[in-house]
Amino acid sequence: LMTIKGILGGLIFYLLTVVTICVVSWLVQSGIKSLYPHYSNFYSHNFYNVVCYFYLFAALTGGLFSVLYFLIFPKLKTENLQAGVLTLFIGLMLVLYLHLPTAAYLLIFPLFFILLAGIIVNIFNFSEHNTYPGYALLYVLAVLPAIGLYLPMVKMLFVAFSLNMIFTGIMVLLFMMGFLIPQLKAAFQLNRFALPVLALIIAIVAFVWGHLTSKPSEKQPLQTSIIYCLDADQQKALWLSRHLQTDSWNQQFFTTFRTESIADIYPGSKRHYLKSDAPVLPLPSPEAKILEDGVENHKRSLHLNLTSARQANSMMLFFHKDSRITQVRIDGRQVDYQRLYTAKNSDYRSMIYRAVPPEGIDLVIQYQAGQLLQLVVVESKLGLPLIPGIEYKPMPAFIIPDTDYSHMSLLRKTFEF
């Protein structure tokens, strides 16, 4: 029944099916993002109606998979198609077992039952032709563990990552579909149009449902982002928003705007924000008071007290790599300087100190004597500053502050020693 050529054909066809479904899903994903750009205001485009798109992409994946396999069933035997997929899955299982053993269960568990069913089929000479009910029932029972394992995972991935990472859920669903080829053949023999039509109806209903629930309201408010930033070194101020489009409330701050990197605020950052010029306010800058300063064995040890005059909630500290720092201590605790975060191709290492105490941060830096120590401090404080002569337009009930770095004021100050 099975041949090497047929098994290879089954494997290749499965891979082509996966590529086709991923391409079509990407096109649909791009279209949804274009139709509803305000979804981008939410983490991973995770708007309130995300469950609609779970059903949409699940139906799209299942429908396309069944259509493509219905087209190939007359040309390749079911045994070859299934064996090709199982050969691929066994190879992937071995790769996972060797390199990511904690994830190997994702294939070991369902493969065990499918292969067990295959052994029983061969021992008792079951076939879809001469023992159809028993053959079908055996494979239905064999795929139940795969369905029970994968379906909850698919929904969880769609809800967690939403429109930004739809392919995690789609790939898990395609794994499950790969185990269902004999069942698809049975459905093909009963009614070749039933599954594709059902999938199409579910996809259309899900899309319409998503459209009807896509508008922000008091029950599902739109998130907005606005940040005031003052560069104390250059005496320049900006309005910032991590959302790359304005909404009906924050457009009062962005009558004219541009999209640029925020590396001039956070050194080394690759992120882009909306920017607009803002009034320069006389905000008090953070202070760095030298408590001790000494040189020993060609190493300069600088003991500082960093304080926030406006009682900021947090401080980000950026240390320039050219300073050749060898040791950092904060509030008496040793910091592994080499493990501090550094963005790719950045000249800085950084850390964040949250809940800055009123007495400030006790900071000891040891670095190569004769080198210039450059320390950039970006402090953040919740709330927007009051601007004389300007009254902010009240926020409507269907808009709320963003959950991520919004409605706060930043102040950047560079210290050199």
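Predicted model: local features only at pLDDT ≥ 70, side-chain atom pairs only at ≥ 80, totals over all residues.

Biologist: How many bridges join strand β2 to strand β3?

Modeller: Strand β2 takes in residues 227–231 and strand β3 residues 236–241, and the two run antiparallel. Within this pairing, Ile-227 stands opposite Leu-240 in β3. The number of bridges joining β2 to β3 is five.

Biologist: Which element gives the largest share of the lining of the largest pocket?

Modeller: The largest pocket holds about 480 Å³ of space, and among the 25 residues that line this pocket, the closest to its centre are Tyr-266, Ser-269, Arg-271, Met-316 and Tyr-341. Two or more lining residues come from each of β8 (314–320), β11 and β15 (408–416). With five residues, the largest share is that of β11.

Biologist: And for the largest cavity, which element gives the most to the lining?

Modeller: The count comes to three cavities of 30 Å³ or more, and the largest cavity has a volume of about 60 Å³. Its lining includes Tyr-266, Ser-314, Met-316, Val-378, Glu-379 and Ser-380. The elements that give two or more residues to this lining are β8, β13 (374–382) and β15. The element that gives the most, with three residues, is β13.

Biologist: Turning to the aromatic rings, are Tyr-39 and Phe-47 stacked or edge-to-face?

Modeller: A search of the whole structure finds 32 aromatic pairs. In the pair formed by Tyr-39 and Phe-47, the ring centres are 4.9 Å apart and the planes make an angle of 25°. Since planes under 30 degrees apart fall in the stacked class, the pair of Tyr-39 and Phe-47 is stacked.

Biologist: Does Tyr-39 count as buried or exposed, and what of Phe-47?

Modeller: The cut-off for buried is under 20% relative accessible area. Tyr-39 has 0% relative accessibility, and therefore counts as buried. Phe-47 has 3% relative accessibility, so this residue, too, counts as buried.

Biologist: In which helix do Phe-109 and Phe-113 lie?

Modeller: These two residues form an aromatic pair that is edge-to-face, with 5.3 Å from centre to centre and 80° between the planes. Phe-109, at 39% relative accessibility, counts as partly exposed, and Phe-113, at 28%, counts as partly exposed as well. They are four residues apart, about one turn of the helix, and the helix in which both lie is α4, residues 105–123.

Biologist: Which charged residue has its end over the ring of Tyr-337?

Modeller: A charge is taken to sit over a ring only if it is within 6 Å of the ring centre and within 35 degrees of the ring normal. Here the distance to the centre of the Tyr-337 ring is 5.5 Å. The residue whose charged end sits over that ring is Arg-349.

Key: Residues numbered from 1 in each chain as written. Heavy atoms only, no water. Phe/Tyr/Trp six-rings, centres within 6.5 Å; stacked < 30°, edge-to-face > 60°. Buried < 20%, exposed > 50% of the residue type's maximum accessible area, 1.4 Å probe, protein only. Pairing = 2+ DSSP bridges. 1 Å grid on protein atoms, 1.4 Å probe; cavity = no way out; pocket = protein on both sides within 12 Å on 5 of 7 lines; lining within 4 Å. Points joined across faces, edges and corners; volume = space filled by probe spheres on them.
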